[in-house]
Amino acid sequence: MDSQKHDPSLRATLKAVAALNLGYFGVEFSVALAIGSVALFADSVDFLEDASVNLLILAALGWSAAARARVGMLLAGILLVPAAATLWTAWQKFNAPVAPDPALLSATALGALAVNLTCALMLARHRKGQGSLTRAAFLSARNDAAANLAIIGAGLVTAFLWRSAWPDLIVGLGIAALNIGAAKEVWEAAREEHRAAA
């Protein structure tokens, strides 16, 4: 019998992380639309993606190792969705390069950082020995925390050094690059699991 299927601690963690991500998605998405921030938009889509990833992992815990490896490969593709959404939003921002409100940008990113650090800490103890699925969840939370620090920095630069849309755009594109890197790591881990299961 698969030990992950009966791991109440992991299940509780995944449920809590999914709920936190879904809740802050609504907050960050609303602010992103209100102030026209590419970076916050990218991060909000990432929160929605993280909630979906954690719910999918929760559903897949009782599956065979081979099936979980296939889900890991699927998750690698899902991790690319925020990157694609960010690139599209950035392209639109090039046509209307207005700087977002730096105070709201930084404050919202600070809240996102608190949520992502909480999620990363909760997932950290499950990231090894549980395969590509929980690794995907951990990498998402870790990368999001790094992205939040960059968004806070973009807000400070916009407020005090350079009143421009560029700091927000640059950070938004950096978030896209982080998601692509995480997708590659998850894909490689899932392929290795799939080979081991076969």
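## Chatting through an all-helix chain

Q: How many salt bridges does the structure hold?
A: The structure holds one salt bridge. Bear in mind that this is a predicted model.

Q: Which residues make that salt bridge, and how far apart are the closest N and O atoms?
A: Lys-184 pairs with Glu-188, and their closest N and O atoms are 2.8 Å apart.

Q: Where do Lys-184 and Glu-188 lie?
A: Both are in helix 7, four residues apart, or about one turn of the helix. In general, an α-helix has 3.6 residues a turn, so residues three or four places apart point the same way.

Q: Is Lys-184 buried or exposed?
A: Lys-184 counts as exposed, because its relative accessibility is 52% and the cut-off for exposed is over 50%.

Q: What about Glu-188 and Leu-75, how far apart are their C-alpha atoms?
A: That separation is 12 Å, for two residues 113 apart along the chain.

Q: Where is Leu-75, then?
A: Leu-75 is in helix 3, which runs over residues 65–78. Leu-75 is buried, with a relative accessible area of 0%.

Q: Let's zoom out. How many helices and strands does the chain have?
A: Seven helices and zero strands. Along the sequence, that reads α-α-α-α-α-α-α. The radius of gyration is 17 Å, close to the 16 Å that the globule rule gives for 198 residues, so the chain is as compact as a globular protein of that length.

Q: What does the C-alpha trace span along its principal axes?
A: About 60 × 25 × 20 Å.

Q: What percentage of the residues in the chain is buried?
A: Buried residues make up 50% of the 198.

Q: Switching to helix 1: which residues are buried there?
A: Quite a list: Leu-10, Thr-13, Leu-14, Val-17, Ala-18, Asn-21, Tyr-24, Phe-25, Glu-28, Val-31, Ala-32 and Ile-35.

Q: What span should helix 1 have, and what does the model give?
A: Helix 1 has 28 residues, 8–35, so at 1.5 Å a residue it should span 40 Å. The end C-alpha atoms are 41 Å apart, which agrees.

Q: What comes just after helix 1?
A: Gly-36, which takes a positive phi of about 70°.

Q: Phe-25 came up among the buried ones. Which aromatic cluster is it in?
A: Phe-25 clusters with Phe-29 and Phe-41. Searching the whole structure turns up three aromatic pairs.

Q: Now the surface. Which residues form the nonpolar patch?
A: Leu-87, Trp-88, Trp-91, Phe-94, Leu-156, Phe-160, Leu-161, Trp-162, Trp-166, Ile-170 and Leu-173. Together they have about 1300 Å² of accessible area.

Q: Which helices each supply at least two residues of the patch?
A: Helix 4 (81–95), helix 6 (132–160) and helix 7 (166–197). The largest share comes from helix 4, with four residues.

Q: Take one of them, Phe-160. Which helix does it lie in, and is it buried or exposed?
A: Phe-160 lies in helix 6 and counts as exposed, at 69% relative accessibility.

Notes
Residues are numbered from 1 along each chain as its sequence is written. This is a predicted model: local features need pLDDT of at least 70, side-chain atom pairs count only at pLDDT 80 or more; totals for chains, interfaces and linings use all residues. Side-chain values use heavy atoms; hydrogens and water are left out. Patches are made of residues with over 30% relative accessible area and no salt bridge: like charges are joined within 9 Å, nonpolar side chains (Val, Leu, Ile, Met, Phe, Trp, Tyr) within 5 Å. Accessible areas come from the Shrake-Rupley method with a 1.4 Å probe; for residues, only the protein chains shown count as cover. A salt bridge is a side-chain nitrogen of Lys or Arg within 4 Å of a carboxyl oxygen of Asp or Glu. Buried means under 20% relative accessible area, exposed over 50%, partly exposed in between (1.4 Å probe, protein chains only). The expected span of a helix is 1.5 Å times one less than its number of residues. Rings of Phe, Tyr and Trp (its six-membered ring) pair if their centres lie within 6.5 Å; planes under 30 degrees apart count as stacked, over 60 as edge-to-face and the rest as tilted. The radius of gyration is taken over C-alpha atoms; the globule rule is 2.2 Å times the number of residues to the power 0.38.
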